[in-house]
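Please look over the sequence and the 3D structure shown below before reading the briefing.

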Amino acid sequence: MVRHCLAKDGLVKCVFGKHSFAECSAKFVVFTALLAGTLVFLPRPTFAQAAYSPNQLLPLPQTAGSLPISFIVRGLEPSNRTDNQGTIYVATIRGVPGGVDLHRWSPVIDGPPNANGTLPFRYLGQPDGCGIFATGCQNIGIAEGGGDVDIAVNSVTLPGVPNLGLTSLTLAPGLTSTQSVNRGHTFSQPNPVTALIPGDDRQWMDGIGKSTVYLSYHDVSTFNIHVQRSSDGGATYASGAGEAIDAATFPAAGNVGATATANLLGNIAIDKSNCTASRGNLYQIFTAPNSATENAAGNPMRSVYVGVSKDAKAGGPVFTFTDHKIFTGPTGKNMANIFPAIAVDKKGYVYAVWSDNSKIYFSSSRDQGTTWTPARIINQGATLGMANVFPWVAADANGHVVVVWLGANRAGDSNNVSVMAPCASGSTTCMANWAKWRVYAAESVNGNEDEIGPLDPAVFVQRIASDHVIHRGTVSTGGLGGSANRDLGDYFQVSLDPSHRANIASSDDHRVHPLCSSVTAGHCGVDDPQTLRLIRANFTRELRPIAGIVTSGACFAEK
């Protein structure tokens with residue numbers, strides 16, 4: 001559909017089409033008008049550069065346990081959420097059996113931002129609580145989880161306090177769940193047998209309303225993606241269940257035999273809009289081979305799928321999913337670079353991102369996940385042709401999308417040691433020549449545009465969000481089975497606050513650990529590959545929202 005727009009006083013006024021005058025001035029990048037049979041291209045609008053705060057380390061104890069042998073504490077794979085009151089939570093893992101850690105900043109109770117824009121985060125300890133181990137966190141340094149963590153926030157208006165749900169992974173027996181109703185000051189007794197199926201991996205969470213939370217995870221047997229619903233804020237997950245890989249897709253994506261590739265699950269997202277048709281929909285993204293034949297043969301995961309549930313919101317004990325393909329890459333291409341991610345904005349538009357280890361792909365849906373725009377590459381400038389991994393996406397308003405990822409200054413597979421981390425035997429300085437990684441963010445205020453070709457495309461503004469090199473060398477995208485460096489874990493996340501500003505937490509290992517002289521004696525040089533590194537979450541946020549965000553407009557499904 002051609003947009004009919006006119007330029008007037010430096011703005012663009014739509015004569016026909018779905019946008020209002022104000023929306024056009026903010027959202028359109030390439031405009032077309034048919035004026036007396038002439039095709040006219042109007043200028044791009046300018047986007048104000050949204051500055052990021054100085055990166056701040058979220059502190060943790062150096063070691064865990066008071067026995068003669070103690071554990072080195074790490075802060076890996078930060079999950080972050082921002083609730084509707086602006087409270088930010090960042091959860092990190094120590095690894096099994098170390099448990100997880102939680103930080104919080106709340107504008108309601110934790111004081112204003114610091115003068116330089118950083119936030120006075122409060123460390124809340126280990127929510128998986130050491131549970132049955134009582135004082136085990138302090139004495140022996142172990143907890144009930146620590147393999148993976150995710151969190152979910154619910155919504156209430158002040159003076160109410162939004163619920164916070166959290167799960168931690170132990171693999172066997174499975175998932176540990178807990179919740180807080182007082183902004184993380186205390187948590188419920190952890191439940192170490194949350195999952196309906198024992199033997200689980202890589203859980204994700206999202207919440208809607210006052211107390212509804214959904215949890216998705218793999219079972220290590222069939223590799224289907226199980227989804228459970230909690231109606232009590234994440235204390236238990238017994239009010240409903242479903243499987244995100246439907247019967248038609250399972251032959252292409254399930255564990256169908258000894259040589260099967262199966263799938264890689266990304267996060268689960270709930271439509272939290274007020275759209276009558278779509279509010280409460282569930283969207284579970286995953287990658288898998290393109291067909292049953294390719295799966296059985298052990299071929300790469302070159303297709304990206306989404307499982308959509310429209311009946312989970314009805315509250316029944318069993319809900320169903322229907323799967324749709326988002327994208328299929330060339331034969332032999334692998335899209336299973338940890339992790340694909342999905343988000344929904346406040347008008348019901350759905351967004352997906354994934355990586356082939358070099359390109360960050362983006363696609364959107366305006367019909368509740370049934371059809372998707374042609375995938376496009378959104379990383380730009382110096383990142384083109386380089387290694388780019390760990391994409392994540394958040395969305396709000398009407399088409400406002402933020403995509404983050406980890407990008408290197410070097411081309412090649414992020415897992416390739418000879419390319420990313422060459423080192424002569426015995427060298428104590430070779431890290432000086434290793435690949436350098438930073439956090440990137442690409443932001444759009446019209447991410448829900450669907451035109452093909454040069455007409456009305458979504459435009460992304462790319463920035464570097466980290467103010468230093470956060471990592472050098474290889475980055476593993478193979479999970480537990482990967483052979484490359486896993487100091488950063490497998491992902492990081494972005495969330496959006498009520499003012500539409502991005503909050504980003506990522507793992508970082510650029511510092512030398514204070515205990516290096518006792519743990520890696522003789523190897524404490526900053527460029528020495530044997531030096532013990534301090535692995536912690538770093539946080540940064542947009543100091544002001546990007547210009548042009550549109551909050552008005554009807555839901556697409558209701559037009």
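The count of salt bridges comes to 14, where a salt bridge is a side-chain nitrogen of Lys or Arg within 4 Å of a carboxyl oxygen of Asp or Glu. This is a predicted model, in which local features need pLDDT of at least 70 and side-chain atom pairs count only at pLDDT 80 or more, while totals for chains, interfaces and linings use all residues. Residues are numbered from 1 along each chain as its sequence is written, and side-chain values use heavy atoms, with hydrogens and water left out.

**Salt bridges**

- Asp356 forms a salt bridge with Lys333, and the closest N and O atoms of the pair are 3.8 Å apart. Asp356 lies in the loop between β24 (350-355) and β25 (360-365), and Lys333 in the loop between β22 (322-328) and β23 (341-344), so the pair ties together parts that are 23 residues apart in sequence. The helices (H or I, at least four residues) and strands (E, at least two) named here are DSSP runs, numbered from the N terminus.
- Asp356 is buried, with a relative accessible area of 8%, whereas Lys333 is partly exposed, with a relative accessible area of 31%. In these terms, buried means under 20% relative accessible area, exposed means over 50%, and partly exposed lies in between (1.4 Å probe, protein chains only).
- Arg472 forms a salt bridge with Asp527, with 2.6 Å between the closest N and O atoms. Because Arg472 lies in strand β31 (residues 471-472) and Asp527 in the loop between α6 (516-519) and β34 (533-541), the pair ties together parts that are 55 residues apart in sequence.
- Arg472 is buried, with a relative accessible area of 16%, while Asp527 is partly exposed, with a relative accessible area of 22%.
- The side chains of Arg501 and Asp497 also meet in a salt bridge, at 2.8 Å from N to O, and Asp497 is buried, with a relative accessible area of 9%.
- A network of salt bridges links Glu77, Asp148, Arg202, Arg486 and Asp490.

**Disulfides**

- A search of the whole structure finds three disulfides, a disulfide being a pair of cysteine sulfur atoms within 2.5 Å.
- Cys275 and Cys555 form a disulfide, and their sulfur atoms are 2.0 Å apart. The torsion about the S-S bond of Cys275 and Cys555 is about -85°, so this disulfide is left-handed. Cys275 lies in the loop between β19 (264-270) and β20 (282-288), and Cys555 in the segment after β34, so the pair ties together parts that are 280 residues apart in sequence.
- Cys275 is buried, with a relative accessible area of 1%, and Cys555 is buried as well, with a relative accessible area of 7%.
- Another disulfide joins Cys423 to Cys430, with 2.0 Å from S to S, and with -80° about the S-S bond the link of Cys423 and Cys430 is left-handed. Cys423 counts as partly exposed at 36% relative accessibility, whereas Cys430 is buried, with a relative accessible area of 7%.
- A disulfide also joins Cys516 to Cys524, with 2.1 Å from S to S. The torsion about the S-S bond of Cys516 and Cys524 is about 125°, so this disulfide is right-handed. Cys516 is buried, with a relative accessible area of 8%, while Cys524 is partly exposed, with a relative accessible area of 29%.

**A sheet of three strands**

- An open sheet of three strands has the order β12-β13-β14, with antiparallel pairing, and two strands pair if DSSP finds at least two bridges between them. At the edges stand β12 (149-153) and β14 (175-180), each with a single partner strand, so one side of each is left without a neighbour in the sheet.
- Strand β13 (residues 164-169) is joined to β14 by six bridges, and the two strands run antiparallel. The bridge partner of Ser168 is Thr176 in β14.

**A nonpolar surface patch**

- Val108, Ile109 and Leu158 form a nonpolar patch on the surface, with about 250 Å² of accessible area together. Patches are made of residues with over 30% relative accessible area and no salt bridge, where like charges are joined within 9 Å and nonpolar side chains (Val, Leu, Ile, Met, Phe, Trp, Tyr) within 5 Å. Accessible areas come from the Shrake-Rupley method with a 1.4 Å probe, and for residues only the protein chains shown count as cover.
- Val108 has its place in the loop between β10 (100-105) and β11 (122-123), and at 37% relative accessibility Val108 counts as partly exposed.
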